[in-house]
Amino acid sequence: MKRRTFLQQTSAAASASYLGIPLIKSQKDSYRIVLIGSGWWGMNILREAVRSGKVKLVGLCDVDQSQLKKAADEVKEWNGESPKWYTDYRQCIEDAQPEIAIVATPDHWHALPTIAAINAGAHVYVEKPISHTVLEGAAMLKAARTNERVVQVGTHRRASPHMIAGMDFLKSGKVGKVTSAKCFVNRSGNPGEPTPDSEAPAGLDWDMWVGPAPMQPFNEKIHPKGFRQFLDFANGTIGDWGIHWFDQVLWWTEEKFPTSVFSTGGRYMKQDNTDAPDTQLAAFDFEEFTCFWEHKLMAANANEQHDIGCYFYGTEGTLHLGWRDGWSFYPSKKSGQEIHMDPDVNEPDFQNIKELWADFMDSIENKKRPMCDIENGYHATNMSLLAMISMKLGRSVQWDGHQVINDSEATALLQRPYRAPWIYPS
Ligand SMILES: NC(=O)c1ccc[n+]([C@@H]2O[C@H](COP(=O)([O-])OP(=O)(O)OC[C@H]3O[C@@H](n4cnc5c(N)ncnc54)[C@H](O)[C@@H]3O)[C@@H](O)[C@H]2O)c1
């Protein structure tokens, strides 16, 4: 693999295509749009939304005033417009009356704002994983269908030109009969050390940030961005990264969901104050194949070519679909030819939001299901969530696509109590 070569190509292409190009001023008949959660990824999405020229920003919402200010300052630089700020998504939706809402809050805060926006008539672009517990996702799917709104999930890899080519290759049969797939994230890391709790910074409404999750002191490791490794707010690496690769597996197979899930793992190395597993394995039984998950946060795959992505193991060879390393096919026969395609991604952060946003707009305009429809996001997210349930219980969970079969303890874990006054969506 010519890793160095393609990384250089990618960043050169990215800086030419993305940076320094002025954003387009919104037009009169543009869709009214709000951003709920104006942090790192929310702003990545908003840039592409505004760049599309089809939206007018009518509200920025965040519970942290410093995040809001940063976002508003950037928006002003684009086109001189000062967006209105909100610190409560309910007020934002009521006041700004969006036709489109982007929801890029931490995972435990995806369900309620998404459902509120849909119920108010907006189409929604919601980040992955769609939910923190399974029944939140079911309620989001139901809201989307009942209100006939387009709900796009941020699994932008379905919109990546190189991933589309890799998937075409896989579906063409050139990998042969695929009997297993392995999704994985392996990274070098260290044990770390605990970060003490502290006062929430001025301007952050910590009570609102915690929202429906159990109340706890502010800790700077949680916000911003760090919530991923705290189980009250997210589901660790399998919840954060797993969904991207499970989505690739579900994109390939005609089966909608696994029928049985088993997962094991633990915290064997981490000594910081996060609580998600640093090591986890999972097995998902489908009718025609088995899908595996593996993550290790202390060791990249020193002996393997790839640290992240998914392998499809077929009778003709192995296909690797990756991130910054594009995709590669390794034939089983020694005489066979390796095939490789570089990634075709945008800056910042090697993503394909622009392409996914274009599909979102097209789906709204043509009243069709988007490529990362909420139902796809629901099934991909559920693979992570069911694995977490299995790991907690120490046994496999049988699944019919919407309900756990014959296991009341696992069924109870499909949701969790919400902290008042928040009410679990139904
Ligand atoms: N699709 C992708 O490739 C991709 C990449 C990165 C992040 N994400 C997803 O985007 C989401 C946000 O991640 P991030 O890294 O940008 O986190 P972040 O911490 O940078 O941003 C989240 C923002 O949401 C705000 N927030 C919290 N509760 C809120 C509420 N009730 N109402 C309004 N705002 C609230 C926080 O204050 C914060 O500013 C996550 O779900 C993450 O999984 C997706």
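Guide: Let's start with the open sheet: 6 strands in the order β3-β2-β1-β4-β5-β6, with parallel pairing. Keep in mind that this is a predicted model.

Visitor: What makes β3 and β6 the edge strands?
Guide: Each of them, β3 (85-86) and β6, pairs on one side only.

Visitor: How do you know that β4 and β5 pair?
Guide: Two strands count as paired if there are at least two bridges between them. Strand β4 (residues 100-103) and strand β5 (residues 123-126) have 4 bridges, in the parallel sense, so they meet that definition. As an example, Ile100 has His123 in β5 as its bridge partner.

Visitor: Which strands does α2 touch when it packs on the sheet?
Guide: Helix α2 touches β1 (31-36), β2 (55-61), β4 and β5. The direction of α2 makes about 150° with that of β4.

Visitor: Why is α5 called roughly parallel to α6?
Guide: Two packed helices are described by the angle between their axes and the distance between the axes. Here the axes of α5 (residues 111-119) and α6 cross at roughly 10° and come within 9 Å. Angles under 35 degrees count as roughly parallel, so α5 is roughly parallel to α6.

Visitor: Which residues make that contact between α5 and α6?
Guide: From α5 come Ala111, Thr114, Ile115, Ile118 and Asn119, and from α6 come Glu136, Ala139, Met140, Ala143 and Ala144. By class, that contact has 7 nonpolar, 2 polar and 1 charged.

Visitor: What are the domains in the protein chain?
Guide: The domain assignment gives domain 1 (21-157) and domain 2 (161-193 + 220-353 + 374-408). Their C-alpha centres lie 27 Å apart. The contact takes 26 residues from domain 1 and 28 residues from domain 2.

Visitor: Which elements give two or more residues to the side of domain 1 that touches domain 2?
Guide: Those are α2 (40-51), α6 (134-146) and β6 (151-153). The largest share, 6 residues, comes from α6. That side of domain 1 has 12 nonpolar, 10 polar and 4 charged residues.

Visitor: Now the ligand: which residues come nearest?
Guide: Of the 30 residues around the ligand, the nearest are Gly37, Gly39, Trp41, Glu127 and Pro224. Elements giving two or more residues to this shell are α2 and α8 (206-210), and α2 has the largest share, 3 residues. By class, the shell has 12 nonpolar, 11 polar and 7 charged residues.

Visitor: How do you know which domains the shell around the ligand draws on?
Guide: The shell takes at least three residues from each of domain 1 and domain 2.

Visitor: Where are the cis peptide bonds you'd point out to me?
Guide: One joins Lys128 and Pro129, with omega about -20°, and Pro129 lies in the loop between β5 and α6. Another runs from His223 to Pro224, with omega near -5°. Pro224 lies in the loop between α8 and α9 (236-252), and Pro224 is also one of the residues that come nearest to the ligand.

Visitor: What makes Phe350 worth a stop, and where is its place?
Guide: Phi of Phe350 is near 55°, which is a positive value in a residue other than glycine. The loop between β14 (339-341) and α10 (353-365) is where Phe350 sits.

Terms used: Residues are numbered from 1 along each chain as its sequence is written. This is a predicted model: local features need pLDDT of at least 70, side-chain atom pairs count only at pLDDT 80 or more; totals for chains, interfaces and linings use all residues. Domain bounds come from an automatic or database domain assignment. Two residues are in contact if their C-beta atoms, placed from the backbone, lie within 7 Å. Ala, Val, Leu, Ile, Met, Phe, Trp, Tyr, Cys and Pro count as nonpolar, Asp, Glu, Lys and Arg as charged, and the others, Gly among them, as polar. Axes are lines fitted to C-alpha atoms, for helices over the stretch in contact, and angles run from 0 to 180 degrees between N-to-C directions. Angles under 35 degrees count as roughly parallel, over 145 as roughly antiparallel, 65 to 115 as roughly perpendicular and the rest as oblique. A residue is near a molecule or strand if its C-beta atom, placed from the backbone, lies within 6 Å of it.
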